[in-house]
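Please keep the sequence and the structure in view while reading.

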Amino acid sequence: MTSPGAKPVAVWLFLCAGMVVAMMIIGAITRLTESGLSMVEWRPLIGAWPPTDAAEWQRVFDLYRQTSEYKLANAGMSLAEFKTIFWWEFIHRLWGRLIGVVFFLPFLFFLLTKRIPQGYTPHLVALFLLGGLQGVIGWWMVKSGFVDRTDVSQYRLTVHLGMAFGILGYLLWVALRLVAPREPVPGAPRRLAWGAFGVVSLTVLAGGLVAGLNAGLTYNSWPLMDGDVVPAGALELSPWWLNGFENVATVQFDHRMLAYASTLMVGWLWLAVRRADATPRVQLATNAMAVMVVAQVFLGIATLLLVVPLPLAVLHQLGAAMLFSLTLWTVYELSG
């Protein structure tokens, strides 16, 4: 049974989860348009207003011209060109602030009016703190691109991405607990479900490394990587373990292999649920997850073969968020 006040809180959390997914899309566009380093300053409280006159635009442009990205990759960029990349990063940061407002004000209302179901306040406080931490991680990531490089650190980008997915998963789990009581599923493949979720999550993190190293711009063939199953030079870095994090060939290979593993695990889970005495809601979650993993594979292949066009790459990011969420929903339903 759910408490009478649970539904409004759950709807609010689902709305916040949707905003987090939108943030992922904006972040993907910001990354793909090389806009992330355009705002050199971090002013969390007073930086929500863009430049409003020529003098202020020139000031922020002059700050950008001191960065390594400008000197090494964009020397000679005009102010008009700078404004294009500035706006994407500005929207990215503004949306993050908006998520904070949309989370905090209803939380305060629900708290003061005592409408939060018993036992859920600590989860909501934790979510708020994680959102604040994500803002700090975002700036920590951006700072890595200001010294002797033209991109942010792939390590910090992956941490930032992983935190976004972690917050998304937490929001969805708490919201589901509020309005979707689980029913026991005889013979439920719980361990398999958690295994599939783990592999999908690892694939998402591997995608962060691919994005951070621009690894999708090379080896644009499939199913082989320029004619090889394992690309040449996949272990050329020393020590060997660095290849999985800093070698473009290995990072893309790992992402491909994890994508295949995700597909197999999700397919296995789908078959196992079909054999169990599953409720209609469990079947819906599992069917949606299976359809999404197939769609995501096709999106990934198309993005690679067409050398990462912006619309497809953004859809692939959205597909990752959808697959992650549907797999989490399946795990939730099978954990009753």
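## Elements of the chain

Helices here are DSSP runs of H or I with at least four residues, and they are numbered from the N terminus. The model is a predicted one. By that definition the chain has eleven helices and zero strands. Read from the N terminus, the order of elements is α-α-α-α-α-α-α-α-α-α-α.

## Overall build

The C-alpha trace spans about 65 × 60 × 35 Å along its principal axes.

Of the 336 residues, 47% count as buried. Among the contacts with a separation of 6 or more, 78% are between residues 24 or more positions apart.

## The packing of α6 and α11

How do helix α6 and helix α11 pack? Helix α6 covers residues 154-179 and helix α11 covers residues 310-334; their axes are 10 Å apart and form an angle of about 40°. That angle makes α6 oblique to α11, because angles under 35 degrees would count as roughly parallel and those from 65 to 115 as roughly perpendicular. The crossing of the two helices is right-handed.

On the α6 side, the residues that meet α11 include L161, F165, L168 and W173. On the α11 side, the residues include A320, F324, L328 and W329. By class, this contact has 13 nonpolar, three polar and one charged residues.

## Two cis peptide bonds

Most peptide bonds are trans. Which form does the peptide bond from W222 to P223 take? The bond is cis, with omega near 10°. P223 is in the loop between α7 (190-212) and α8 (243-246).

The peptide bond from S238 to P239 is cis, with omega near 0°. P239 lies in the loop between α7 and α8.

## Two positive phi values

Most residues other than glycine have a negative phi. E34 is not a glycine, yet its phi is positive, near 55°. E34 sits in the loop between α1 (6-32) and α2 (54-64). Its relative accessibility is 31%, so E34 counts as partly exposed.

D148 is not a glycine either, and has a positive phi of about 55°. The loop between α5 (121-143) and α6 holds D148. Is D148 buried or exposed? At 68% relative accessibility, D148 counts as exposed, because the cut-off for exposed is over 50%.

Methods
Residues numbered from 1 in each chain as written. Predicted model: local features only at pLDDT ≥ 70, side-chain atom pairs only at ≥ 80, totals over all residues. Heavy atoms only, no water. Axes fitted to C-alpha atoms, helices over the stretch in contact; angles between N-to-C directions. Parallel < 35°, antiparallel > 145°, perpendicular 65-115°, else oblique. Left-handed = near helix turned anticlockwise from the far one by under 90°. Contact = heavy atoms within 4.5 Å. Nonpolar A, V, L, I, M, F, W, Y, C, P; charged D, E, K, R; others polar. Buried < 20%, exposed > 50% of the residue type's maximum accessible area, 1.4 Å probe, protein only.
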